[in-house]
Amino acid sequence: AEWVLLPPPEVPKKSLAVFSYSLAEIPSLPEWVFQCDALMIVEPSTMDNGRRLMLLREKLIADGRFKIWAPCTHAGNCPLLIHSAKDWCHDRVHFSRPQWFHNIELRLPMKNRTLTFSYMLFSKKEAPDLKNLARTVGDMLHEKGKSRQLICNGPDRRFLTWFHRDHGIPEDIPRGELVDWPEYFSLVANEVRVLRNLDSPGSAPTPEV
């Protein structure tokens, strides 16, 4: 079957176009979308759908009519597209399961304590300046001697990293949170290593974004 997306009779001012779990069914955004002031897209959190949405982000930024607002903290190239063929951006929401959900889950072989989805928010207004912030786009990874969490702060694929000997085991930061860029850190390969002490603030390198 072929899907046909009819345009609205008119697009009112200050309108928001919302596409929810629909991009998989259409080849491209209809042209009337660009008459809207803002655009929200929510897609399933599968690799195929997530990466399709990331590619659409690149096209919309290059087009220039929309500015990216979220989840990205920048308008540069997506590091997950550049540096990986399998990563994709998605968020996670923890929720209290209603009884009907629990009853269904009792009959399923898997358990799901969270809801995951991929999303992007665009606007024709200038995006806020988030250069001193980073968004967590991965779950906390606890490894031997350190903990790491994938972040979005620019076109490089980077992890905020804490060494247990200096900080103990850090609390998990929910996926999708905006966090302050660390005041003191060292940049080693793809790790933004949070430092405990420095001789002087001037010895702290600045993030390359």
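A polar contact is a pair of N or O atoms within 3.5 Å; within protein, one atom must be able to donate a hydrogen and the other to accept it, and residues adjacent in sequence count only if both atoms are side-chain atoms. The model is predicted: local features need pLDDT of at least 70, side-chain atom pairs count only at pLDDT 80 or more, and totals for chains, interfaces and linings use all residues. Residues are numbered from 1 along each chain as its sequence is written, and side-chain values use heavy atoms, with hydrogens and water left out.

**View 1. Glu 191 and its contacts.** The side chains of Glu 191 and Lys 146 are joined by a polar contact of 2.6 Å. Glu 191 belongs to strand β12 (residues 191-194). Helices (H or I, at least four residues) and strands (E, at least two) are DSSP runs, numbered from the N terminus. The relative accessible area of Glu 191 is 4%, so Glu 191 is buried. Buried means under 20% relative accessible area, exposed means over 50%, and partly exposed is in between (1.4 Å probe, protein chains only). Leaving out residues up to four places away in sequence, Glu 191 touches Lys 146, Arg 148, Phe 159, Thr 161 and Ser 186. Contact here means heavy atoms within 4.5 Å.

**View 2. A charge over the ring of Phe 159.** Arg 148 lies over the face of Phe 159, 4.1 Å from the ring centre. The criterion has two parts: NZ of Lys or CZ of Arg must be within 6 Å of the ring centre and within 35 degrees of the ring normal. Both Arg 148 and Phe 159 are among the residues that Glu 191 touches.

**View 3. The cluster of Phe 34, Phe 66 and Phe 122.** Ring pairs link these three residues, Phe 34, Phe 66 and Phe 122, into a cluster. Rings of Phe, Tyr and Trp (its six-membered ring) pair if their centres lie within 6.5 Å; planes under 30 degrees apart count as stacked, over 60 as edge-to-face and the rest as tilted. The whole structure holds seven aromatic pairs. Phe 34 and Phe 66 make a tilted pair, 5.8 Å centre to centre with 35° between the planes. This pair links distant parts of the chain: Phe 34 is in the loop between β1 (16-20) and β2 (38-43), Phe 66 is in the loop between α1 (47-63) and β3 (67-70), and they are 32 residues apart. Phe 34 counts as buried at 13% relative accessibility. Phe 66 is buried too, at 3%. Phe 66 also pairs with Phe 122, again tilted, at 6.4 Å centre to centre and 55° between the planes. Phe 122 lies in strand β5 (residues 114-123) and Phe 66 in the loop between α1 and β3, so the pair ties together parts 56 residues apart in sequence. Phe 122 is buried, as is Phe 66. The charged end of Lys 124 sits over the ring of Phe 66, 5.8 Å from its centre.

**View 4. Helix α1 and its packing.** α1 has 17 residues. From first C-alpha to last it reaches 24 Å, close to the 24 Å expected at 1.5 Å a residue. The expected span is 1.5 Å times one less than the number of residues. Buried residues of α1 include Leu 53, Met 54, Leu 56 and Leu 60. Arg 51 and Arg 57 are also buried. The buried residues of α1 pack against β2, β3, α2 (79-83) and β5. Gly 64 follows α1, with a positive phi near 90°.

**View 5. Tyr 119 in strand β5.** Tyr 119 is found in β5. At 18% relative accessibility, Tyr 119 counts as buried. Setting aside residues up to four places away in sequence, Tyr 119 touches Ile 41, Val 42, Leu 53, Ala 70, Pro 71, Asp 91 and Arg 135. Tyr 119 and Asp 91 are 28 residues apart in sequence, yet 7.6 Å apart in space, C-alpha to C-alpha.

View 6. A disulfide is a pair of cysteine sulfur atoms within 2.5 Å. The count is zero disulfides. For Cys 78, the nearest cysteine sulfur is that of Cys 72, 6.4 Å away. Cys 78 is buried, with a relative accessible area of 9%. For Cys 89, the nearest cysteine sulfur is also that of Cys 72, at 6.3 Å. Cys 89 counts as buried at 17% relative accessibility.
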